[in-house]
Amino acid sequence: MTTAELFVRCLEAEGVETIFGVPGEENLDLLDALLDSSIRFIPTRHEQGAAFMADVHGRLTGRAGVCLATLGPGATNLITGVADANMDHAPLVAIAGQASTDRLHKESHQVLDLVEMFRPITKFATRVLTPSTVPETVRKAFKLAQSSKPGAAFIELPENIAEMPAEGAPLKHSEGHRPGPTERTVSEAARLISGARNPIILAGNGVIRAGAHEALAAFAGQLNIPVANTFMAKGVIPFKHPMALGSVGLQAKDYVGVGFDHADLIIAIGYDVVEYHPHLWHPTRDRAILHIDDTPAEIDQYYGVTLEVLGDIGLTLERIALRARPHEGQALRKLRQMMIADMGEHARDAIFPLKPQKLIWDLRTVLDLEDIVISDVGAHKMWLARMFRCEFPNTCLISNGFASMGIALPGAIAAKLARPDRTVVAATGDGGFLMNVQELETAVRLGTPIIVLVWNDGGYGLIEWKQMAQFGRPAFVKFGNPDFVRLAESFGARGYRVGPELGLQDALREAIASHAVCVIDVPVDYSENLKLTARLGDMVFPM
């Protein structure tokens with residue numbers, strides 16, 4: 001057995017079923033070992049695409065997605081996707097080949113210190129220096145990547161180590177269990193909630209990671225406390241729930257933001273500071289904050305926590321609900337009614353290009369409630385976060401930690417592989433789409449029938465929105481586009497263009513029925529961006 005073969009056995013023991021990556025000279029032994037394993041290796045067309053696929057796989061399944069690259073430029077191409085997983089708290093393990101260890105001490109072709117390069121963007125980064133350390137190294141990487149808060153880990157495997165004879169076996173491991181909260185903190189939390197006049201819940205992606213969304217809905221319903229979710233926690237409470245207020249994080253005076261202005265107690269549950277900075281929702285620093293999570297609160301001057309309740313989130317909510325006094329729950333219901341009316345305002349529009357509100361209405365109308373939309377980063381992300389209704393968690397995936405453009409198309413491939421029974425839509429701007437458009441070939445080759453919905457405005461719409469709001473004029477944001485229909489067809493996919501002859505709902509239904517990889521070009525009217533800013537106040541969303 002070689003070190004590479006032992007390495008693969010350890011990956012199998014971790015439950016790895018798929019690796020996304022690009023083959024290279026320095027990972028030849030590992031690739032050959034994969035031929036005799038149960039693990040499926042999926043060649044991608046760029047390492048960034050592989051990392052984004054592993055990122056989304058980890059977010060959807062809770063098990064670390066795995067990506068593989070060679071040394072030097074192959075490894076550096078992984079960095080954006082690895083950083084995205086780490087800041088979005090999605091479990092991921094990245095593996096890279098490396099030159100022989102007898103070259104690492106000096107200047108040498110394609111050699112970089114990859115461990116030091118990945119260290120700032122991972123929870124754990126290491127190099128395999130002897131065959132005997134492989135079982136411990138692999139086990140530690142997966143344990144840290146998957147433990148709370150999840151993130152990325154990196155392993156470098158030099159080519160001379162990979163081909164060495166090896167002895168050993170994968171380490172056994174068991175699933176850990178989060179402890180429950182202490183009796184004292186539960187009692188104090190119940191007292192805080194009972195004494196508040198206008199409490200509000202800020203639910204983050206940690207609730208979804210902990211599988212505590214049902215406990216959250218029950219908690220909010222029993223105590224009549226309204227729930228606002230971060231962009232990354234869409235679906236954490238069903239939109240039909242009477243306490244659901246939708247997403248917070250777009251406009252300073254959006255409906256949900258007004259709710260925070262009137263709250264005297266903010267209950268942050270599974271909230272990651274990276275999702276939505278506290279100075280945007282707690283600028284006054286004078287509200288009581290109750291932090292409920294399985295990890296301690298981040299230190300931030302605008303996140304001055306009154307009480308931390310640490311432990312299993314679902315169990316914590318159940319225990320607090322048994323002791324806290326229910327509220328009337330009427331104060332913020334008018335905001336919910338206004339929000340619902342806003343979502344349906346353009347439902348019957350018949351003009352082109354489409355307004356963002358109409359585009360989202362049509363998308364929500366056609367898709368089943370458990371289908372999956374993966375948003376890229378751009379102006380469309382803001383509209384999706386605000387107006388796309390979700391009844392289930394992980395049905396609208398938004399990256400808002402690292403928030404990297406280019407994630408939607410490769411992410412949609414990973415989502416379809418993980419959830420083959422769901423329709424998967426990559427909602428992307430024309431800018432983000434072309435950043436990883438090469439992965440259309442991967443989707444066609446794999447036969448993963450995803451739908452790429454391109455919001456076409458011929459520019460970087462989110463940056464222009466910010467520029468116009470701040471300076472009153474755009475700067476360097478316009479570009480040209482190819483014919484997206486013909487581009488799709490050149491990859492072997494189907495292409496559609498929405499217009500007066502083909503409505504979006506019809507195009508979506510035809511694409512779903514085709515069971516093929518489809519690209520839908522949707523001209524969008526982003527003049528609605530500044531209208532929203534004028535109506536709701538200054539933009540506060542993180543770029």
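Threonine 316 is found in helix H13; helices here are DSSP runs of H or I with at least four residues, numbered from the N terminus. This is a predicted model, in which local features need pLDDT of at least 70 and side-chain atom pairs count only at pLDDT 80 or more, while totals for chains, interfaces and linings use all residues. Residues are numbered from 1 along each chain as its sequence is written, and side-chain values use heavy atoms, with hydrogens and water left out.

**Exercise 1.** Determine whether threonine 316 is buried or exposed, and list its contacts beyond its neighbours within four places in sequence.

Solution. Buried means under 20% relative accessible area and exposed over 50%, with partly exposed in between (1.4 Å probe, protein chains only). Threonine 316 has 0% relative accessibility and therefore counts as buried. Next, contact means heavy atoms within 4.5 Å. By that criterion, threonine 316 touches Pro181, Ile292, Val309 and Gly311.

**Exercise 2.** Describe how helix H10 packs against helix H13.

Solution. Two packed helices are described by the angle between their axes and the distance between the axes. Axes are lines fitted to C-alpha atoms over the stretch in contact, and angles run from 0 to 180 degrees between N-to-C directions. For H10 (residues 213–223) and H13 (residues 313–321), the angle is about 15 degrees and the axes are 9 Å apart. H10 is therefore roughly parallel to H13, a term for angles under 35 degrees. From H10, the contact involves Ala215, Leu216, Phe219, Gln222 and Leu223; from H13, Gly314, Leu317, Ile320 and Ala321. By class, these residues comprise seven nonpolar, two polar and no charged. Here Ala, Val, Leu, Ile, Met, Phe, Trp, Tyr, Cys and Pro count as nonpolar, Asp, Glu, Lys and Arg as charged, and the others, Gly among them, as polar.

**Exercise 3.** Carry out the analysis for helices H1 and H6.

Solution. H1 (residues 3–13) and H6 (residues 134–146) pack at about 35 degrees, with axes 9 Å apart. Thr3, Leu6, Phe7, Cys10 and Leu11 of H1 meet Val134, Pro135, Val138 and Phe142 of H6. This contact has eight nonpolar residues, one polar and no charged.

**Exercise 4.** State how many residues of helix H16 are buried.

Solution. Helix H16 spans residues 379–387, and nine of its nine residues are buried. Among them are His380, Lys381, Trp383 and Arg386.

Terms used:
Helices (H or I, at least four residues) and strands (E, at least two) are DSSP runs, numbered from the N terminus. Angles under 35 degrees count as roughly parallel, over 145 as roughly antiparallel, 65 to 115 as roughly perpendicular and the rest as oblique.
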